[in-house]
Amino acid sequence: MSGAAPDIRATVVAEFYRHTIDCRPAWKLRALGQGWADGLDGLARAHGVDVE
């Protein structure tokens, strides 16, 4: 990944999710670009998962 900090060990680049428009399902893509220096443990904690 160009320009990324060297201490980042896990990243989320985009979020792909289902959305409803006029009562019809549609898919959306949102660019995020978040990173965690403590790897997957940090990513899981950011989403409410208890990691030991």
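In which strand does Leu29 lie? Leu29 belongs to strand β2, strands being DSSP runs of E with at least two residues and helices runs of H or I with at least four, numbered from the N terminus. The model is predicted, so local features need pLDDT of at least 70 and side-chain atom pairs pLDDT 80 or more, whereas totals for chains, interfaces and linings use all residues. Residues are numbered from 1 along each chain as its sequence is written, and side-chain values use heavy atoms, without hydrogens and water.

The C-alpha trace spans about 45 × 30 × 10 Å along its principal axes.

One aromatic pair is found, where ring centres of Phe, Tyr and Trp (its six-membered ring) must lie within 6.5 Å, and planes under 30 degrees apart count as stacked, over 60 as edge-to-face and the rest as tilted. The centres of Phe16 and Trp27 are 5.1 Å apart with planes at 10°, so this pair is stacked. Phe16 lies in strand β1 (residues 10–21) and Trp27 in strand β2 (residues 24–36), 11 residues apart.

Phe16 is exposed at 57% relative accessibility, as are Trp27 at 55% and Leu29 at 64%; exposed means over 50%, buried under 20% and partly exposed in between (1.4 Å probe, protein chains only). Buried residues make up 12% of the 52 residues.
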